[in-house]
Amino acid sequence: MAEPIISVSGLRGVVGETLTPDVAMRYAAAFAALAPQGAILIGRDGRPSGRMLAEAIRAGLQAVGRTTIDAGIIATPTAGVLLRQFKAAGGIQITASHNPSPYNGLKLFSAEGRVIPAGPGKQVLDRYRTAAPDWQPHDRLGLGQVCQDGITPHLLPVLDTVDAERIRARRFRVVLDSNHGAGGILGRRLLHELACRITILGEEPDGRFEHAPEPTAENLAGVLQAVTQCGAEVGFCQDPDADRLAVIDEAGRYLGEEYTLALCVDHVLRQVTQGGQSRFHGERVSPQGDVFTAAKIGTVPGIVTNCSSSRMSEDLALRYGVPFARSAVGEANVVDAMLAQGALFGGEGNGGPIDPRVGYVRDSFVGMALLLDAMAARDMKISQLADELPRYEIVKTKIALPPERLPAALVALEKRFCDATCDRLDGLRLDWPGRWLLVRGSNTEPIVRAIAEAPTAGEAARLCAEAAAVLAAMY
């Protein structure tokens with residue numbers, strides 16, 4: 001049997017083919033063998049295969065002597081919050097994120113309530129591939145617990161990041177597209193608590209997607225229409241495990257996922273640097289014990305994004321006079337950089353804001369709350385807020401290239417674009433004023449990904465085409 005796609009933070013595969021109960025059980029046992037003492041939380045998104053995998057994982061963990069906490073259907077960021085509440089040793093969220101219905105996967109969480117970093121993740125992978133589970137006798141089996149409330153522990157810190165009364169006074173009309181993933185459960189509760197007039201599409205978390213699960217423009221044609229038909233002031237679209245958020249404006253225009261992070265960054269930095277009713281004012285402590293004060297701005301990086309995210313956030317940090325840091329691609333890498341830098345806010349341009357006041361996990365609910373707060377605070381439409389941001393266009397392409405030829409290809413790109421500032425943080429990033437190009441190898445396919453951003457789509461496409469021409473010469 002072919003191996004599932006495995007990264008340092010988890011695995012995913014086609015259920016019944018590369019992802020079977022045996023694979024899930026052995027991978028969970030490998031994780032448990034390296035986790036500290038304590039219970040392990042198990043959550044899942046709404047995919048029909050999730051229950052079967054949860055039962056297999058629960059049996060496997062208890063068979064190696066671990067107590068399990070069954071959280072049922074929850075969003076991925078909720079798993080991080082619950083982990084800290086239960087003081088668990090780790091967590092396994094069963095989700096394939098935006099992959100199609102045949103897929104499912106396992107995402108691993110550390111005891112700190114974050115996706116596990118690369119080092120521990122590699123140790124789990126090595127043990128999964130080389131060591132058999134340490135099955136225990138009947139008198140050393142683990143016990144099973146059930147989480148009775150998987151909503152409130154996440155809801156309350158999200159509400160605490162915004163001026164809830166200010167939002168309630170506006171009675172925003174909102175369309176939320178959860179697409180039968182895990183997001184509708186907390187999504188309805190959050191928007192209800194903020195006194196929004198709600199239309200929810202795909203609320204039932206049964207995994208029977210009404211459209212392709214990745215919240216891209218081409219997949220959301222029906223949702224765009226629903227926003228205008230409902231007279232909504234904003235549309236929010238989640239991926240199946242609700243760690244990513246795409247935004248639609250009141251005219252049915254797809255703003256997308258890159259704008260989610262940038263809009264949140266703008267609101268947070270406006271609150272911090274310009275005074276007013278900032279939720280950062282005074283001393284605040286994150287769930288991890290990190291102390292945040294407005295005074296820290298200017299002494300440590302304020303914002304962290306990954307190197308494939310739009311430069312809108314970098315431009316905003318410059319506009320507000322706060323430092324900016326960039327990480328390698330991947331949520332775990334962004335979190336590593338945020339913790340190292342003491343960042344106030346961060347995330348990935350795939351619609352994943354990360355707010356340390358709630359947790360170090362990409363969080364669509366944080367995004368919804370902050371964007372509603374921005375609209376209420378400035379009495380502006382979401383389209384007006386978006387139109388204020390620096391304007392860029394991103395183009396993403398794939399280029400066939402054997403992995404062994406990538407190092408030489410990156411050297412060739414450096415020579416071709418010798419007028420650019422080069423960065424080898426993750427693949428090769430080339431920067432010019434107002435535009436950039438990132439070329440990095442895929443972890444799962446014999447291809448490289450070329451991503452370019454420029455003031456126009458044509459300029460970005462030309463950068464990708466030039467990179468493809470250089471790489472074609474490597475054959």
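This is a predicted model: local features need pLDDT of at least 70, side-chain atom pairs count only at pLDDT 80 or more; totals for chains, interfaces and linings use all residues.
Which residue forms a salt bridge with Glu-348? Residues are numbered from 1 along each chain as its sequence is written, and side-chain values use heavy atoms, with hydrogens and water left out.

**View A. The salt bridge between Glu-348 and Arg-362.** The partner of Glu-348 is Arg-362, with the closest N and O atoms 2.7 Å apart. Glu-348 belongs to strand 17 (residues 345–348) and Arg-362 to the loop between strand 18 (352–354) and helix 12 (364–378), so the bridge ties together parts that are 14 residues apart in sequence. Helices (H or I, at least four residues) and strands (E, at least two) are DSSP runs, numbered from the N terminus. A salt bridge is defined as a side-chain nitrogen of Lys or Arg within 4 Å of a carboxyl oxygen of Asp or Glu. Glu-348 counts as buried at 3% relative accessibility, and Arg-362 counts as buried at 8%. Buried denotes under 20% relative accessible area, exposed over 50%, and partly exposed in between (1.4 Å probe, protein chains only).

**View B. The salt bridge between Glu-414 and Arg-424.** The two side chains meet at 2.7 Å, N to O. Glu-414 lies in helix 14 (residues 406–416) and Arg-424 in the loop between strand 20 (421–423) and strand 21 (428–432), 10 residues apart. Glu-414 is partly exposed, at 27% relative accessible area, and Arg-424 is partly exposed at 44%.

**View C. The salt bridge between Glu-466 and Arg-416.** Here the N to O distance is 2.4 Å. The pair links helix 15 (residues 457–472), which holds Glu-466, to helix 14, which holds Arg-416, across 50 residues.

**View D. A network of salt bridges.** Through shared partners, salt bridges join Lys-107, Asp-243, Glu-331, Glu-348 and Arg-362 into one network. The structure as a whole holds 29 salt bridges.

**View E. Helix 7 and its covering elements.** Within helix 7 (residues 183–193), the buried residues are Gly-183, Gly-184, Leu-186, Gly-187, Leu-190 and Leu-191. Elements covering these residues, by contact (heavy atoms within 4.5 Å), include helix 3 (76–86), helix 5 (152–159), strand 8 (173–177), strand 9 (197–201), strand 10 (234–238) and helix 12. Ala-195, which follows helix 7, has a positive phi near 60°.
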